[in-house]
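Welcome! Take a moment to look over the model below, and then we will walk through it together, topic by topic.

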Amino acid sequence: MEGATPDNRLSDFLTNLKEDESADRAWHSTVTFMRALGASRVGVSMELDSADPLFMWTFPPWVAEQYMEEVYPDCDPTLAHCRENVAPFFSGTAFLHRYPDPPTPYRQYLEDLVSEEVRSSVVIPLHTCSNGEWGKFSFSTNFSADEFESGYAERGIMIHMASIAAFNRIRTLVKKERAAAVGLTRRERECLLWLARGLRNDQIAERMGIRPVTVAFHFANARSKLNARTREQTLVSAIQLGLVCP
Amino acid sequence: MERMDNRLLDFLSGLDHAESTGEAWRRTVAFMHGQGASQFAISMELDSADPLFMWTFPPWVAEQYVEEVFPDCDPTLAHCRVNVTPFFSGTAFRHRYPDLPAPYHRFLEDLAANDVCSAVSIPVHGGSDGDCGKFGYGTALGAGQFEGFYAERGFTLYMAGTMAFNRMRALVKRERTPQIGLTDDERECLLWLSRGLLRNEIADRLGLRPVTVRRCLAEARRKLDAHTLDQALANAVQMGLVEP
């Protein structure tokens, strides 16, 4: 009874994405797919609760630098939109007339993007089940507003569906990679798990059949691996990274 | 290829304006009826202790589903856990699937009595393991007609359903959290604790006396029904009361 998604290109993309085992591979599949749909540039940004926001884009470094220094986060109206909404936001110089008062740094940024073949973009809000985790996907072209809108009418649904799947997959892989990089041992994770479930050090020691001083030792190691100041911060970081699921 | 039409865009902005799960659900049901659905359903957090179901079926069908079919006898659920592709079900597709569990078989017949002969279940994955949901769209059409219809309108259903799911999940989270009733001071104390400040540093930063910080944390622990402050903090982070 299994059916295909309504277009084989999307089905194929979703299948490839599932098989990509690193965030870089998944991003590469996404870029290839979006270019085939007509994108000149694509970007994804993720506000993950475990750490700094994550950006992946096909822009040259100067664009990324200008964006980070002058636009992000306060002067980017698409961010404010995406945090709260699910409907798409049209951006780029081709759509500037629709938004009478964009912040100056954002207007400047859009004007500079024209030299990178970006005149019209759709920014798609992306939401997850986890609290405080969200992001956006931008699909940009060199088209005029009219051309862009007719292309979007044709392909918008496919772009949306693919961007949701790409975001979810990349986010999962990024989190896995970040969590693995911390290198907590099984024992360290177990100590943190019992801590999150309300046990005190001596109770944790008893439950795990180790000495209380060993429990303290595990906490100290976990703290240094997670670069945390306190035991409380260690616990919260571990939860956010998915290393501990209370 | 299906067009991104204004009805779909209007539906999405309508979802953004819905400020309660109930309202988002009403808009979704209206949209899906407009797309030809006889019944529509959303199931979320299927792998959690507290799954959530919303549907347009009469209550007795829903009750029977939860009691007899969910979670072990629902082949669509097994499919949606591990796949991103849709799954066709309903009495119209039963012949494709010879070994249905008996309770699911009965459920399909109850659905048929409620104008659902053909249905599609579409998985929604949050990204992390066990973070799974689905939505289902049912019609009175026969299998061949339904597949023709899906080939024409499937993307619209796929996208509208996914977005409705995401919006509603956010609203559900929001509606489920405030019952704890932490005060601003209690929340701030937990927040700075999660960011690695010591008790006296929290007092300095918030302009509170150290004894007040201790009292706020103790009160937060009590409200969060935790044995220890560490557990209270873990609960608060997981519930989204504190965003470190």
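In chain B, Ile42(B) stands opposite Phe135(B) of strand β5(B). Strands here are DSSP runs of E with at least two residues, helices are runs of H or I with at least four residues, and both are numbered from the N terminus. This is a predicted model, in which local features need pLDDT of at least 70 and side-chain atom pairs count only at pLDDT 80 or more, while totals for chains, interfaces and linings use all residues. Residues are numbered from 1 along each chain as its sequence is written, and chains are lettered from A and ligands numbered from 1 in the order in which they are written.

**The sheet of chain B**
- Strands β1 (residues 39–44) and β5 (residues 132–139) of chain B run antiparallel and are joined by 5 bridges; two strands pair if DSSP finds at least two bridges between them.
- They belong to an open sheet of 5 strands in chain B, with the order β2-β1-β5-β4-β3 and antiparallel pairing.
- β2 (52–55) and β3 of chain B are at the edges with a single partner strand each, so one side of each has no neighbour in the sheet.
- Helix α6(B) packs on this sheet, where it touches β1, β2, β4 and β5 of chain B, and its direction makes about 40° with that of β4(B). A contact means C-beta atoms, placed from the backbone, within 7 Å.

**Where the chains meet**
- The contact takes 49 residues from chain A and 56 residues from chain B.
- On the side of chain B that touches chain A, α6(B) gives the most, with 14 residues.
- That side of chain B divides into 26 nonpolar, 19 polar and 11 charged residues. Nonpolar covers Ala, Val, Leu, Ile, Met, Phe, Trp, Tyr, Cys and Pro, charged covers Asp, Glu, Lys and Arg, and the others, Gly among them, are polar.

**A helix pair in chain A**
- The axes of α7 (residues 186–196) and α9 (residues 212–225) of chain A come within 9 Å and cross at roughly 100°. Axes are lines fitted to C-alpha atoms, for helices over the stretch in contact, and angles run from 0 to 180 degrees between N-to-C directions.
- α7(A) and α9(A) are therefore roughly perpendicular to each other (a label for 65 to 115 degrees; under 35 is roughly parallel, over 145 roughly antiparallel and the rest oblique).

**Confidence**
- The predictor gives the complex an ipTM of 0.72 and a pTM of 0.75.

How values were computed
Two residues are in contact if their C-beta atoms, placed from the backbone, lie within 7 Å.
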